[in-house]
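Please open the model in your viewer and keep the selection panel at hand.

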Amino acid sequence: MAMINPDPDAALVQRVKEGDVRAFEMLVVKYQRRIERLIGRMVRDVDLVADIAQETFIRAYRALPQFRAESAFYTWLYRIAVNTAKKALVDMKRDPVMTYTSLQGSDDDDETYRGGLEPTDGETPEALLASKEIAATVNAAINALSEDLRQAITLREIEGLSYEEISDVMNCPIGTVRSRIFRAREAIAERLRPLLDTRDGTRW
Amino acid sequence: MSLPDSDRSSSRRILSALADGDATDSEVARAFQSWRDDPDARASWHAYQLIGDVLRSDDLASEPAADAAFLVALRARLATEPVVLAPQPRMQEEAVAQPVAANASARTRTRWQGPIAMAAGFLAVIGVLNVAGPFRHGGNASLASNGAPASGPVLASTSSVGDGGVVLTSAQTKAAADQLAPYLAAHRQSAMSGPFQMPGSDLRNVSLVQPAK
């Protein structure tokens with residue numbers, strides 16, 4: 001069993017530094033939604049949000065050789081996103097609905113902060129419906145899990161505990177933690193997969 | 001590429017561990033291969049990350065087609081970017097290098113290490129012989145053998161200088177050792193009484209009492 005890394009992305013980051021662009025794609029899939037939501041708090045235009053998110057990842061990719069892992073990768077990426085959004089707003093001379101200062105007033109680490117965003121013109125009713133359906137499916141699936149699986153995935157994803165910490169909390173070996181989290185993910189993904197089939201021919 | 005169910009399950013299990021930063025090095029390598037070759041692995045990675053996001057906040061649920069389109073667009077931009085390569089520590093660099101590259105590198109090192117080590121060895125022997133000139137007397141001694149038996153004369157082990165080290169014939173060895181014996185005896189005596197004596201040495205200090213004239 002490998003040692004638990006303080007930054008769960010350390011292995012992926014290392015591979016990117018070694019020239020493996022696939023590892024960067026995996027990081028993009030992992031953080032794209034969080035980065036877009038962050039930018040969406042600063043910029044109302046959905047089309048602009050996607051562009052700024054793209055620019056954020058490109059900048060991060062270029063700067064990764066200088067990333068010294070003094071903070072978690074996501075913290076570093078978060079700063080790049082904020083700076084990219086600020087620069088885009090200045091360049092395009094647009095007024096942000098929510099300024100960076102007001103954003104700093106909220107808890108930057110609060111993943112559940114919604115920012116009071118209203119649907120914008122770029123979000124179609126179909127897209128909103130699909131998002132709500134996915135959220136409802138995940139929540140229903142987690143409620144259907146056994147207590148052990150639900151506790152394991154909750155401690156990992158919501159509380160952010162490491163496998164070692166979860167093994168202490170649940171009083172079981174780390175291998176069992178790893179297995180329970182995988183089984184929980186698979187049980188939820190099984191319900192989710194019919195919704196995740198891409199409808200426009202785009203494939204992962 | 002379609003995988004058997006057991007391989008697919010194993011691949012997903014590894015992706016789950018990698019998502020939490022708990023994959024071993026070999027698992028990480030396998031995960032990247034899956035990501036490259038297996039659409040199911042890519043879809044599973046996305047599903048696991050989406051599940052984590054939704055568990056943290058419902059508003060992170062997004063339309064999957066939008067996520068895929070985002071990656072496709074970014075891939076097109078990444079394709080125009082130079083591949084990033086951060087400087088790696090030497091050990092790590094060798095560990096991740098391709099075998100062919102590693103062999104080529106080793107051959108390059110060997111080419112220049114051999115002659116340099118050989119020249120250094122000759123210079124060391126010549127230097128020691130010059131220094132030992134004033135002490136030439138008879139006698140046997142062992143010289144700096146790394147664990148070699150002290151029963152016969154042995155000249156500095158070459159194991160530490162690699163493949164290009166100096167190897168002397170037994171006759172040369174004996175002659176050199178004979179010449180160096182007095183020098184070494186004087187050196188030892190000096191070292192025992194000097195300020196750089198090693199702590200914990202099993203050598204004892206002795207004092208030489210000069211008779212009064």
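Begin by selecting B:Val54, which touches A:Ile134, A:Ala135, A:Val138, B:Leu60 and B:Ala61, leaving aside residues up to four places away in sequence; two residues are in contact if their C-beta atoms, placed from the backbone, lie within 7 Å. This is a predicted model, in which local features need pLDDT of at least 70 and side-chain atom pairs count only at pLDDT 80 or more, while totals for chains, interfaces and linings use all residues. Residues are numbered from 1 along each chain as its sequence is written, and chains are lettered from A in the order in which they are written.

Then select residues 174-196 of chain A, helix α9 (helices are DSSP runs of H or I, at least four residues, numbered from the N terminus). Look for a kink of about 40 degrees at A:Glu190, shortly before the proline A:Pro194; the bend is the angle between axes fitted to the seven residues ending there and the seven starting there. Among the buried residues of α9(A) are A:Phe182, A:Ile188 and A:Leu192, and their cover includes α6 (125-143) of chain A and α3 (39-56) of chain B.

Finally, display the contact between the chains, which takes 64 residues from chain A and 57 residues from chain B.

Definitions and conventions. Helices (H or I, at least four residues) and strands (E, at least two) are DSSP runs, numbered from the N terminus. The expected span of a helix is 1.5 Å times one less than its number of residues. A residue is buried if 20 or more other C-beta atoms lie within 10 Å of its own, exposed if 12 or fewer, and partly exposed in between; C-beta atoms are placed from the backbone.
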